[in-house]
Amino acid sequence: LHVQGSIQLNRDDDALVLGRGTSGFLKNNELKFGQGGGFYQDAAATIKIHGGKDLLTTGDMYAGRFYDDDDNNYYIDAAGDSQLNTIDIDDSIRHRGDLTTLIGFPAADQFEVKTNNVQRLLIENSKATFSIPVYAPRYYDSQNDSYYVDPASTSIMNRIDIDDFIRHNGDVNTYFGFSAADTFRIFTVGTQRVNVDNNSVDFSV
């Protein structure tokens, strides 16, 4: 069949049939392939794919936005905001244009934060590890928030165990504490003023 010009189908249901048996066809607003796929348009703003077939290309695909077919409240707008339910990733999410700043999962049951490609925070099942100072106005006990540490103000704790001495802030030679087992001492100006042990209480003032 050689045609120079146009072929016009008079009715919407008329078609050009291509092939025999499981043939394809072309008609108004519809292109159907013999394998069951194809394209059709039943609304002014939408072109649809026949038979729920996948669309495969080895090239790139461009669109303003990709919507979920089951619920169009979910979509991907790569250059804007996207709405998704769950995202599964293998390792990390990086800050665009800043390849050494990322959050991610170095192993199962682990979460990390990196800046300058150095791990700053690692959260595991039983602990959280920081490699940098941590700042907060107050630190609360997770079991009882009646107990807390407020370093610049008043703290409430149950018991404090220390190895040796407690010093007066800004006055490093005034302190009290435990120089040995069963021994308590008080110092001012770096000189021992009181000593308490199992045998005696001694004063040197």
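Residues are numbered from 1 along each chain as its sequence is written, and side-chain values use heavy atoms, with hydrogens and water left out. Because the model is predicted, local features need pLDDT of at least 70 and side-chain atom pairs count only at pLDDT 80 or more, while totals for chains, interfaces and linings use all residues.

Let's start with the ring pairs. Rings of Phe, Tyr and Trp (its six-membered ring) pair if their centres lie within 6.5 Å; planes under 30 degrees apart count as stacked, over 60 as edge-to-face and the rest as tilted. That rule gives nine aromatic pairs. Take Y67 and Y75: their ring centres are 5.5 Å apart and their planes at 50°, so this pair is tilted. F176 and F184 also make a tilted pair, with centres 6.1 Å apart and planes at 55°. Elsewhere, ring pairs join F165, Y175 and F187 into a cluster.

How exposed are these rings' residues?

Now for the charges. One sits over a ring if NZ of Lys or CZ of Arg is within 6 Å of the ring centre and within 35 degrees of the ring normal. Y75 turns up again here, with R65 over its face at 4.1 Å from the ring centre. R138 has its charged end over the ring of Y148, 4.1 Å from the centre.
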